[in-house]
Amino acid sequence: DKLLCKFEIENVSDSDTYCYWWSNIAVELKSSSRFIVPTNKTYLAYYSNGYHILTYENVPFIDGVDTSYSDKTKVTADYFYDIPSENKKWMYSLDDSGYGLLQYSSKNTLGKKQFVWGHKQGGEHWNEWVTDGRPYLEVQSGILETQFQHFILNKGESVTFYEVYTPYNLTKNSYDASYDSLVINPSGENIDCFLNCFIIREKFHIQQRSAFINLISHFYILS
């Protein structure tokens with residue numbers, strides 16, 4: 001019930017080039033959905049009166065709203081979470097049953113993002129257009145902190161990174177806990193256990209197909 005993804009981007013051209021990467025998975029959005037990331041800071045991107053706005057905010061409370069409850073964000077918005085370098089790179093979305101999705105990745109993936117359509121007419125129409133009408137949010141992971149950044153991949157060089165997606169369970173009491181307590185001490189199935197097993201597989205390239213589906217995607221930069 002765990003999906004392990006290994007990605008490698010290689011520049012096989014004769015010159016240095018710009019590089020950019022984000023992964024994306026959709027999760028059903030419910031009125032009780034919560035989104036937890038090991039940080040109290042985020043870059044918030046949204047549109048207002050025809051302008052694209054980018055601010056740096058404390059989370060979970062922004063303008064008095066607890067944004068860890070995904071459905072409380074009223075406008076179409078990107079939350080690019082600023083995770084301290086010493087923290088593990090994970091995030092999860094779950095509902096009040098305590099069940100949801102956990103995503104975590106290797107230390108060289110700095111970006112963790114939540115995207116929501118919000119409750120304005122335009123956002124709701126887009127949500128309906130790209131789905132069967134059910135509300136959803138996006139769980140995204142990138143090499144850099146935001147989608148406004150890129151990096152240089154030198155000729156002949158490559159970058160390798162890993163991502164894991166797995167169901168995640170919390171107790172009801174844990175779901176109702178404060179954001180800060182969930183960030184400091186996430187409970188339910190043990191995140192550290194998942195991450196330690198992941199690091200072992202990353203280091204020694206252990207293949208355990210009975211427990212993981214191994215997806216190896218190799219991307220070549222040709223120009």
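Which residues make a nonpolar surface patch of about 390 Å²? I found Trp126, Trp129 and Val130. This is a predicted model, so I kept its limits in mind: local features need pLDDT of at least 70, side-chain atom pairs count only at pLDDT 80 or more, and totals for chains, interfaces and linings use all residues. Residues are numbered from 1 along each chain as its sequence is written, and side-chain values use heavy atoms, with hydrogens and water left out.

Patch. Its residues have over 30% relative accessible area and no salt bridge, with nonpolar side chains (Val, Leu, Ile, Met, Phe, Trp, Tyr) joined within 5 Å. I placed Trp129 in helix α1, residues 121-130; a helix is a DSSP run of H or I of at least four residues, a strand a run of E of at least two. Trp129 is exposed at 67% relative accessible area, where exposed means over 50% and buried under 20% (1.4 Å probe, protein chains only).

A pocket is an open set of points on a 1 Å grid where a 1.4 Å probe fits, with protein on both sides within 12 Å along at least five of seven lines; lining residues have an atom within 4 Å of a point. Of the 14 lining residues, Leu44, Ile62, Asp63, Val75 and Tyr79 are closest to the centre. Strands β5 (41-48), β6 (51-58) and β9 (77-81) each supply at least two lining residues.

Strand residue. I found Leu4 in β1, residues 2-11, and buried at 7% relative accessibility. Leu4 and Ser105 lie 101 residues apart in sequence, with 9.4 Å from C-alpha to C-alpha.

Key:
Patch = residues over 30% accessible without salt bridge, like charges linked within 9 Å, V, L, I, M, F, W, Y side chains within 5 Å. Areas by Shrake-Rupley, 256 points an atom, 1.4 Å probe, with all protein chains shown as cover. Salt bridge = Lys/Arg side-chain N within 4 Å of Asp/Glu carboxyl O.
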